[in-house]
Amino acid sequence: MNNIILECDVKMKKGLESFKKELTKIRGGSVSKAMFDDIRVDYYGAPVPLNQVCNINMSEDSTVLISPYDVNAIDDIVKGIQKSDLGFNPSVDKGVVIINVPPLTQERRGELVKFLNKQTETYRVSLRNIRKESNENIKKLFKSKEITEDDSKKGQSKIQDLTDNYVASINTESANKESEITKI
């Protein structure tokens, strides 16, 4: 039974880390390099992560400067950025891709908060599914008489505690991101 609880904890921890990584892709008040992590560039016929074909730099005035390692990849980099759902419109100047990031409008902030809430609920549901699976495994042990009814209840209680803690962590991370998005 301890293995089931440990496995549940590991899966939930991975879910939380995945959620935190997802949050870095949602633009808050400022632009971060993590927003570009999922962009793929068609580089000589193969989809390659953007950060493997260029250097990404942020300036303080909300400008992103992308310097390709290979100047022949500029058009592919621009296409990759335009295809992404970030809504950026890059321009090219002297071998550098430039993205001027406009400040967030209230409407866009509202859209981001809705998207954040949807993501938050998706991850909460995944944690509940892990809980359900773990509880079912404990019930199987009880039915096969490998553990007592008291052990079964204790195990399910521990799994519920884990679930509550991880859901609370997700809620905290989500609330922090929401305040970052809505802060003007």
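Author: The largest nonpolar core has 24 residues, and Met12 and Leu127 are the ones with the most contacts inside it. By nonpolar core I mean a set of buried Ala, Val, Leu, Ile, Met, Phe, Trp, Tyr and Cys residues joined through side-chain atoms within 4.5 Å; buried is under 20% relative accessible area, exposed is over 50%, and partly exposed is in between, with a 1.4 Å probe and protein chains only. Keep in mind that this is a predicted model, where local features need pLDDT of at least 70 and side-chain atom pairs count only at pLDDT 80 or more, while totals for chains, interfaces and linings use all residues. Residues are numbered from 1 along each chain as its sequence is written, and side-chain values use heavy atoms, leaving out hydrogens and water.

Helices H1 (2-24), H3 (106-143) and H4 (149-182) each supply at least two residues of this core, and H3 gives the most, with 8 residues. Helices here are DSSP runs of H or I with at least four residues, strands are runs of E with at least two, and both are numbered from the N terminus. Zooming in on Leu127, its partners are Met12, Tyr166, Val167 and Ile170, leaving aside residues up to four places away in sequence; a contact is heavy atoms within 4.5 Å. Apart from this core lies another, of 22 residues, including Ile39, Val53, Val78 and Val97.

Now for the loops. Lys94 sits between strands S5 (91-93) and S6 (96-100), with a positive phi near 50 degrees despite not being glycine. Lys94 is exposed, at 79% relative accessibility. In the loop between H3 and H4 you'll find Lys145, a non-glycine residue with a positive phi near 60 degrees. Lys145 is exposed too, with a relative accessible area of 74%.
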